[in-house]
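Reader: Hey, could you walk me through this model? I'd like to start with pockets.

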Amino acid sequence: MRRNALQSANGPASSRRRVDGRFITDEPLAPYDRHVRRELASWSAEVLQRLDTAPEDPMERAAALARAHQDAALLASSLGRPNEARLICHAGLDCVAEQAETSGDTSVLLLGFGPLVELSRLDARLGRTDEALGVLERLSGLLRGQGLVFGALTVSPATWARIGPGEGGAEGALASMVAIETLRTLLGSGRHEAALEIARSQAPAPADPVLEAMRREAYLVSLCRLGRGEQALLVAALWAAEAHPIRRPIFEIRHAEALAAFGDPVRAHAITEECVRRVESRLAAGPATLFDLTIAARVSRLLATLGDPLAAELCRTTLPAATSLGDVPLAAELALRILAMDRRPEERAEALEALRAIATGSGYRIPAVERAIEAEDGPLLARSLKERAPSYPRLFERLLGFPPEALDRSSK
């Protein structure tokens with residue numbers, strides 16, 4: 001990243017311009033640790049099956065168990081059960097500590113970072129920003145020579161000195177993970193001054209292109225949110241031109257968002273149309289990745305905000321791929337946008353059918369989807385936990401030793 005572009009963010013408050021925040025999105029596009037948010041019944045059944053077939057090799061078994069706890073926590077969160085998600089994350093820490101002691105391999109302790117990051121993300125989703133950042137700060141203490149004690153997970157400075165440093169080792173991965181999660185949390189909570197300061201102070205990370213993309217994206221989004229239009233448009237154009245082809249769509253979209261937000265919809269629309277052509281070409285080449293579909297959805301959002309009916313056409317092109325890949329919230333976003341922008345009865349009927357399937361069969365409760373269906377069909381019947389994800393109660397009991405119903409009873 002060019003230092004003159006970074007230094008320009010220190011401009012006086014008088015250089016700030018009015019910004020139309022509708023065009024700016026805080027959710028990063030940088031392709032970091034994305035997972036397909038699958039239909040909850042099959043997802044929970046698969047996690048339970050993987051538990052039954054966990055490998056015997058100690059390290060492989062520990063990794064499988066840690067992954068199962070993270071998936072189960074995500075399932076609990078998607079089911080709207082954050083307290084259970086938190087318990088699962090702590091059970092994951094207990095499991096990692098036990099596996100490390102049983103195997104005698106201290107490198108197993110590194111698997112505890114996953115449940116800790118999941119705890120941070122859970123707090124962030126619940127609006128507990130300080131708690132989320134606190135978890136990440138405790139993790140980053142290892143990078144400063146401090147130990148880590150979190151629940152059953154204990155990593156002493158001496159242990160970290162053995163398992164952390166080294167080229168391509170855990171230390172670099174932990175530093176990148178903490179930096180990315182910190183920026184994501186700050187953006188999601190609207191703390192743009194803090195995000196800008198951290199993004200500006202971090203050194204460029206050519207060895208970690210995802211972190212560098214995230215840092216630039218956080219920097220640009222924060223400039224826009226803070227009304228620093230001249231600096232935002234400068235770095236947006238620069239990074240859209242120089243980014244690696246894999247990451248260029250991120251900054252082309254961000255450049256178009258910035259142009260629209262600061263009152264230049266004509267240039268914003270021209271860039272967005274070019275993005276559409278590339279997105280459609282990528283979808284036609286197939287098979288589409290989750291990153292491809294995320295980019296397509298973001299482009300369609302920008303088109304919709306610009307008032308271009310092409311947004312609905314792009315969503316119609318993208319929806320079958322999102323449905324085939326199995327990402328339910330992404331498919332819902334696309335179908336809702338078709339419903340909002342397309343007046344043709346046949347296309348609206350297809351979008352409504354996709355939304356009905358999501359509302360009644362995916363296990364997710366997405367308020368916008370439920371409102372759209374209820375406007376057409378009347379009130380939806382409430383679905384129980386076992387109807388939404390039949391395997392989840394057994395999965396929870398396998399991991400924690402008691403059923404989730406016990407928590408429901410104890411809270412009464």
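Author: On a 1 Å grid over the protein atoms alone, a pocket is an open set of points where a 1.4 Å probe fits, with protein on both sides within 12 Å along at least five of seven lines, and lining residues have an atom within 4 Å of a point. Grid points are joined across faces, edges and corners, and a volume is the space filled by probe spheres set on the points. This is a predicted model, where local features need pLDDT of at least 70, side-chain atom pairs count only at pLDDT 80 or more, and totals for chains, interfaces and linings use all residues. Residues are numbered from 1 along each chain as its sequence is written, and side-chain values use heavy atoms, with hydrogens and water left out.

Reader: OK, how much space lies in the largest pocket?

Author: About 1,400 Å³. The lining has 36 residues, and E27, R34, H35, R37 and R125 are the closest to the centre.

Reader: What's the lining like by class?

Author: Twelve nonpolar, nine polar and 15 charged residues. Here Ala, Val, Leu, Ile, Met, Phe, Trp, Tyr, Cys and Pro count as nonpolar, Asp, Glu, Lys and Arg as charged, and the others, Gly among them, as polar.

Reader: And which helices each supply at least two residues of that lining?

Author: α3, α5 (113–125), α8 (170–188), α14 (290–305) and α16 (328–341). Helices are DSSP runs (H or I, at least four residues), numbered from the N terminus.

Reader: Switching to packing: how do the axes of α3 and α4 cross?

Author: At roughly 175 degrees, coming within 8 Å, with α3 at residues 58–78 and α4 at 82–103. That makes the two roughly antiparallel (over 145 degrees). Axes are lines fitted to C-alpha atoms over the stretch in contact, and angles run from 0 to 180 degrees between N-to-C directions. The contact (heavy atoms within 4.5 Å) has 13 nonpolar, five polar and two charged residues.

Reader: What about α10 and α12, parallel or antiparallel?

Author: Roughly parallel, which here means under 35 degrees. α10 (residues 209–225) and α12 (residues 248–261) pack at about 5 degrees, with axes 11 Å apart. In that contact, the residues from α12 are I250, F251, R254 and A258.

Reader: Where's the cis peptide bond?

Author: Between G286 and P287, with omega about -10 degrees. P287 is found in the loop between α13 (265–285) and α14.

Reader: Which residue with positive phi follows α8?

Author: G190, with phi near 80 degrees.

Key. Angles under 35 degrees count as roughly parallel, over 145 as roughly antiparallel, 65 to 115 as roughly perpendicular and the rest as oblique.
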